[in-house]
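Biologist: Before I use the labels on this model, I would like to hear what stands behind each of them. Please take them one at a time.

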Amino acid sequence: MSSLKSSSIEPTKGASEVNVEIASTDDFSSEGLQKTDVHRGLESRHVQLIALGGAIGTGLFVGSGAALAAAGPASILIAYILIAIFVWTLMNQLGEMVTYIPAPGKATVYALCERYTGSKSLAFAAGLNLYYAQALLAPAEITAAAFVIQYWSDLNVAIWISIFWVSMFYVFLV
């Protein structure tokens, strides 16, 4: 990375002009990447809100009731602050990795792990780990929703889980 080009990005409505140094694509091993005009249009606050939206899920609402009854409000607040700091730093690091060298289509866990470690086997393991996490996400969310509905109903949880699964498959197939 010998030469950096200084360029100016056009400001959006209500934003001030920002000078950004973008490294030349000639300085990096492209491995078949095409040269494109990728612009960094997201500001820090945009990346932080996207990260926050991705981190909040059903588990926050389902787990809050039992934790509130067992530990009280002060300990829940302290725990939320600690976890929020952890999630905030992790998502900012991921945003930095993606925007450091912008390459279209190369923001997957596999591609990032291979780029920054150079190990295809570690990248495969990271991608497989993400697959398992995503494969278990829908059943966990459906189960959490069924337990929330069980609070108002005397029906078995399996009935609600079945209703949600059939509804999901119907929506995805139609």
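This is a predicted model: local features need pLDDT of at least 70, side-chain atom pairs count only at pLDDT 80 or more; totals for chains, interfaces and linings use all residues.

Modeller: The protein has 6 helices and 2 strands, and from the N terminus the order is β-β-α-α-α-α-α-α.

Biologist: What makes Glu43 and Arg45 a salt bridge?

Modeller: The closest N and O atoms of Glu43 and Arg45 are 3.2 Å apart. A salt bridge requires a side-chain nitrogen of Lys or Arg within 4 Å of a carboxyl oxygen of Asp or Glu, so the pair qualifies. Side chains of opposite charge can pair when their charged atoms come close.

Biologist: Why is Glu43 called partly exposed?

Modeller: Its relative accessible area is 33%. Buried means under 20% and exposed means over 50%, so Glu43 falls in between.

Biologist: How do you know that Lys120 forms a salt bridge with Glu114?

Modeller: By the same cut-off of 4 Å: the closest N and O atoms of Lys120 and Glu114 are 3.4 Å apart, so this pair also counts. The structure holds 2 salt bridges.

Biologist: Is Lys120 buried or exposed?

Modeller: Lys120 has 56% relative accessibility; the label exposed needs over 50%, so Lys120 is exposed.

Biologist: How much of the protein is buried?

Modeller: Of the 174 residues, 11% are buried. The accessible surface comes to about 13,300 Å², and carbon and sulfur atoms hold 67% of that surface.

Biologist: What makes the stretch with Phe169, Tyr170, Val171, Phe172, Leu173 and Val174 a nonpolar patch?

Modeller: Patch residues need over 30% relative accessible area and no salt bridge, and nonpolar side chains are joined within 5 Å. Together the six residues named have about 790 Å² of accessible area.

Biologist: Where does Val171 sit?

Modeller: Val171 lies in helix α6, residues 157–173.

Biologist: Which residues does UniProt list as "transmembrane region"?

Modeller: The unreviewed UniProt entry lists residues 49–68, 74–91, 130–151 and 157–173 under that name. Such annotations may be inferred rather than shown by experiment.

Biologist: What does the model show over residues 74–91 and residues 157–173?

Modeller: Residues 74–91 are 100% helix and 0% strand, with end C-alpha atoms 26 Å apart. Residues 157–173 are likewise 100% helix and 0% strand, and their end C-alpha atoms lie 24 Å apart.

Terms used. Residues are numbered from 1 along each chain as its sequence is written. Side-chain values use heavy atoms; hydrogens and water are left out. Helices (H or I, at least four residues) and strands (E, at least two) are DSSP runs, numbered from the N terminus. Buried means under 20% relative accessible area, exposed over 50%, partly exposed in between (1.4 Å probe, protein chains only). Accessible areas come from the Shrake-Rupley method with a 1.4 Å probe; for residues, only the protein chains shown count as cover. Patches are made of residues with over 30% relative accessible area and no salt bridge: like charges are joined within 9 Å, nonpolar side chains (Val, Leu, Ile, Met, Phe, Trp, Tyr) within 5 Å.
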